[in-house]
Amino acid sequence: MPPKSKAAAAAAAEPVSVEDLFTSIHRHIEAGQFAQAAKVAGQVLKAAPGDEDAVRCKVVAHIKADEIDKALAAMRAAERLPIDLSYYKAYCYYRQNKLQEALDLLRGQEESAAILQLESQILYRLGRMNDCINSYEKLQKFKIDSMDLKINIIAALVAAGRASEVQAAMKAQKVDLTARALRDARSFELAYNSACSLIENKKYSEAKEQLDLAKRIGKEELMVEDYGEGEIEFELAPVSAQVAYVQQLQGQSQEAMQTYVNMIKGNSADGLPIADPSSSAVATTNLISLKGTKDAADSLKKIDRLIEKSAAPNQLQLIENLDFKLSQRQKEALYSARVLLLLHGNKTDQAHELVSGLLGMFRDSVFPVLLQAAVHVKEKKVQKAEEVLSQYAEKHPENSKGVLLALAQIAANANHFQLAADSLSKIPDIQHMPATVATLVALKERLGDSNGAASVLDSAIQWWKNSMTEDNKLDMFTREAAAFKLSHGRDEEACLLYEELVKSHGSIEALAGLVATAARTNLEKAEQYEKKLKPLPGLKGINVESLEKTSGARHVEGPQDMKVDVPEEVKKQKAKKRKRKPRYPKGFDPANPGPPPDPERWLPRRERSSYRPKRKDKRAQVRGAQGAVTRETAATNAGGSSKGSQATGSSKTPAANTEQPKTSNKSRKKKSRS
């Protein structure tokens, strides 16, 4: 290395002024060289220790350069200085996903626009959506005209389950969410979030249109920034997943399934994955819900790849920081799918372990309680499941709608009709719905409480009388209530209901029901309304009085021939039958049919007249037990033995062989055949 010149050494030895260093910091920041700006800020602090502007520049430069650890180190080095760096420290904790520590640092701070924006982001990550929306509402007083703020407000409302408020909130912000306005605004995120709100409001066709618009805008913006095809597909993966979800909701299962499979397994032409980890996790969960219990083992393997294995049984964590990338609802759907797959595979121990961990992770959520009840039901511990749900409903009445519905279903399946009816009765906002009313009436009837069933119907009728909705179901409930009361002997109440129907609706069915019911209670009213019925054709020549005096039809035992006068034309039509040529077997000549077939060919051979049984071979038959001696054989052998003894003169005679040679079954069969 050549030695430095004296001029260069002298220049290096001369101290640089602080003003020149700040000018250099500004120049680096303008050029986006944040790491260089942080280095120059360190030089300023060497020249002027404790300079507040230099400390802030160094911290912000490190944050801009994504050097969060260095930013925290710079703040620790400046702890003794009288500088409040709580906001920057909270932001660094937010970037490191230390959300609760970040939120604690913001407590007690003055509510500035920056503080409220950071607070709302932290609350969104924590899943506290209502608190997040409150922070955004406080931001309104600062009159910040930022598109990012409007986009975040829509996201918070959708995540909080308040998608119905999106239109009003955007109207207050003077934002038009129509497709044409979004096309003019050229905002990819705004179109995407607006589509998500439409999905929550079940406007799937409009949502699909805005998702396609968001995809088109996003693609154009990324092409301007020289992104490749694979990179564009990767960046727009959340939109693709949402499009597939809309297709799934619309019943286009095959298209949605193909998109999910491509996002999970496929790679682009550039060799890059099609989807980011969070979009891939969403696609996996939706694919499992679409397939149901089909290929449950394969689905369980897919979802297990998203969960990190932990030594502690009750500590659950998703891979690649998915805990912070997925929303609360997405994580709930993922864990719920895993529990249900475990239950389907009869792995109740693993399901118990997972549910116990979820109860600790999601303390304010209702879904672990529902999963816990499902595990108990799988184990046939119905009473335990009912206790778990009942206790939660008592402690959290404001968030117990889903729990009470699940409790009613479990109790009804277990024939606990009173508990099921009581659970449904505790949900006030569905008491007028047709399904709820029908279920409550059926449960009351099972309990023998017809008065309670009638009261449920009366309450529903009163609600619909006061309702101003377009789809009013008053006539339907009135008709059903009248039929119910008529079948349970409440003729007067049924008559009043039918009369209301006739006056309001004027249908023929209601008029007929009124006449039939009033005939039991008020004959004059029945005759009055009977005149309004249209006469049936063909009944003018019938004398009703003479018909009533007849004894009626008599029952006759056995079938009877009924003589019916048939017109001659009909007889001729019946006589004309189409003659068809007979179909013969292949190769059969009707001119030379040959000998007639045997009429007994369909009978078994033993039942035919020509059958002759085979003769039995009666030779060499030995009756009795095996080895027994017949009389003839014994006599013959005895004679032979006496002669032998006389010839030899011996006193001892050898024992005679009295055993007959045994013939096998095969030999006997051969003899009989011969």
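Which hand does the crossing of α6 and α7 have, left or right? The crossing of α6 and α7 is left-handed. The points below place this pair within the predicted model.

1. Overall composition. The model discussed here is predicted. The secondary structure of the protein comprises 36 helices and two strands. The chain contains 674 residues in the protein, of which 32% are buried. Among contacts with a separation of 6 or more, 49% are between residues 24 or more positions apart.

2. The α6 and α7 pair. Helix α6 covers residues 86–95 and helix α7 covers residues 99–106; their axes come within 8 Å and cross at roughly 165 degrees. Because angles over 145 degrees count as roughly antiparallel, α6 is roughly antiparallel to α7. On the α6 side the contact involves Ser86, Lys89, Ala90, Tyr93 and Tyr94, and these meet Leu99, Glu101, Ala102, Leu105 and Leu106 of α7. By class, the residues of this contact divide into seven nonpolar, one polar and two charged.

3. The buried face of α7. Four residues of α7 are buried, namely Leu99, Ala102, Leu103 and Leu106. Viewed down the axis of α7, the buried residues fall within an arc of 95 degrees, so they line one face of the helix. The buried residues of α7 pack against α6, against α8 (113–126) and against α20. After α7 comes Gly108, which has a positive phi, near 85 degrees.

4. Lys325 in α20. One of the helices packed against by the buried residues of α7 is α20, and Lys325 lies in that helix, which spans residues 322–325. Is Lys325 buried, partly exposed or exposed? Lys325 is partly exposed, its relative accessible area being 49%. Residues up to four places away in sequence left aside, Lys325 touches Ser278 and Glu320. Lys325 and Arg125 are 200 residues apart along the chain, yet their C-alpha atoms are separated by 8.4 Å.

5. The α18 and α21 pair. Two packed helices are described by the angle between their axes and the distance between the axes. For α18 (residues 277–291) and α21 (residues 328–344), the angle is about 45 degrees and the axes are 10 Å apart. The two helices are therefore oblique to each other. The crossing of α18 and α21 is left-handed. Ala281, Val282, Thr285 and Ile288 of α18 make the contact with Gln330, Ala333, Leu334, Ala337 and Leu341 of α21. The residues of this contact divide into seven nonpolar, two polar and no charged.

6. The α24 and α25 pair. How far apart are the axes of α24 and α25? Helix α24 (residues 382–395) and helix α25 (residues 401–413) have axes 9 Å apart and pack at an angle of about 155 degrees. That angle makes α24 roughly antiparallel to α25. The crossing in which α24 passes α25 is left-handed. From α24, Val382, Ala385, Glu386, Leu389, Ser390, Tyr392 and Ala393 meet Val403, Leu404, Ala406, Leu407, Ile410 and Ala411 of α25. The contact of α24 with α25 has 11 nonpolar residues, one polar and one charged.

7. Lys302 in α19. Lys302 is found in helix α19, which runs over residues 296–304. Residues under 20% relative accessible area are classed as buried, and Lys302, at 11% relative accessibility, therefore counts as buried. Apart from residues up to four places away in sequence, Lys302 touches Thr284 and Leu287.

8. Gln242 in α16. Gln242 has its place in helix α16 (residues 237–249). Why does Gln242 count as buried? Gln242 counts as buried because its relative accessibility is 16%, and the cut-off for buried is under 20%. Leaving aside neighbours within four places in sequence, Gln242 is in contact with Tyr192, Cys196, Ile199 and Leu211. Gln242 and Ala283 are 41 residues apart in sequence, and their C-alpha atoms are 9.0 Å apart in space.

Notes
Residues numbered from 1 in each chain as written. Predicted model: local features only at pLDDT ≥ 70, side-chain atom pairs only at ≥ 80, totals over all residues. Heavy atoms only, no water. Buried < 20%, exposed > 50% of the residue type's maximum accessible area, 1.4 Å probe, protein only. Contact = heavy atoms within 4.5 Å. Axes fitted to C-alpha atoms, helices over the stretch in contact; angles between N-to-C directions. Parallel < 35°, antiparallel > 145°, perpendicular 65-115°, else oblique. Left-handed = near helix turned anticlockwise from the far one by under 90°. Nonpolar A, V, L, I, M, F, W, Y, C, P; charged D, E, K, R; others polar. Arc of directions from axis to C-beta.
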